[in-house]
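Me: I would like to go through the salt bridges here. Please set each value against its definition.

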Amino acid sequence: MAIGYLVLFANYGLLSLITFCLYGLDKSAARRGRWRVQESTLHFLSLFGGWPGAMLGQKVFRHKTRKRYFQVMFWLTVLLNSIVLGGAAYFFNHLHVG
């Protein structure tokens with residue numbers, strides 16, 4: 001079971017790093033009037049485990065913090081991810097293999 005937690009933490013770490021970098025790239029692109037990262041991409045990554053990196057990216061780059069709709073959607077992704085993670089943890093901790 002320990003390998004499962006290692007894979008889970010690696011997934012969160014990798015997706016958080018990718019998401020953090022994309023927030024930085026998007027902020028830079030916004031300043032220069034260039035190609036932007038789609039908000040749906042940022043939300044997708046947050047939903048599947050990149051939300052810690054998204055939170056850090058928002059704080060470090062001061063990016064996407066004033067857009068109310070974006071923030072509502074972001075926090076929904078955090079909530080949904082937490083519910084799924086909690087449910088999965090409960091399920092796997094109570095799974096009895098005969």
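Reply: A salt bridge is a side-chain nitrogen of Lys or Arg within 4 Å of a carboxyl oxygen of Asp or Glu. This is a predicted model, where local features need pLDDT of at least 70 and side-chain atom pairs count only at pLDDT 80 or more, while totals for chains, interfaces and linings use all residues. Residues are numbered from 1 along each chain as its sequence is written, and side-chain values use heavy atoms, without hydrogens and water.

Me: Why is the contact of D26 with R36 called a salt bridge?

Reply: The closest N and O atoms of D26 and R36 are 2.8 Å apart. The limit is 4 Å, so the pair qualifies.

Me: What parts does the pair D26 and R36 tie together?

Reply: D26 lies in helix α1 (residues 2-32), and R36 lies in the loop between α1 and α2 (39-61). These parts are ten residues apart in sequence. Helices are DSSP runs of H or I, at least four residues, numbered from the N terminus.

Me: Why is D26 called buried?

Reply: Buried means under 20% relative accessible area, exposed over 50%, partly exposed in between (1.4 Å probe, protein chains only). D26 has 0%, so it counts as buried.

Me: What makes R36 partly exposed?

Reply: Its relative accessibility is 35%.

Definitions and conventions:
Helices (H or I, at least four residues) and strands (E, at least two) are DSSP runs, numbered from the N terminus.
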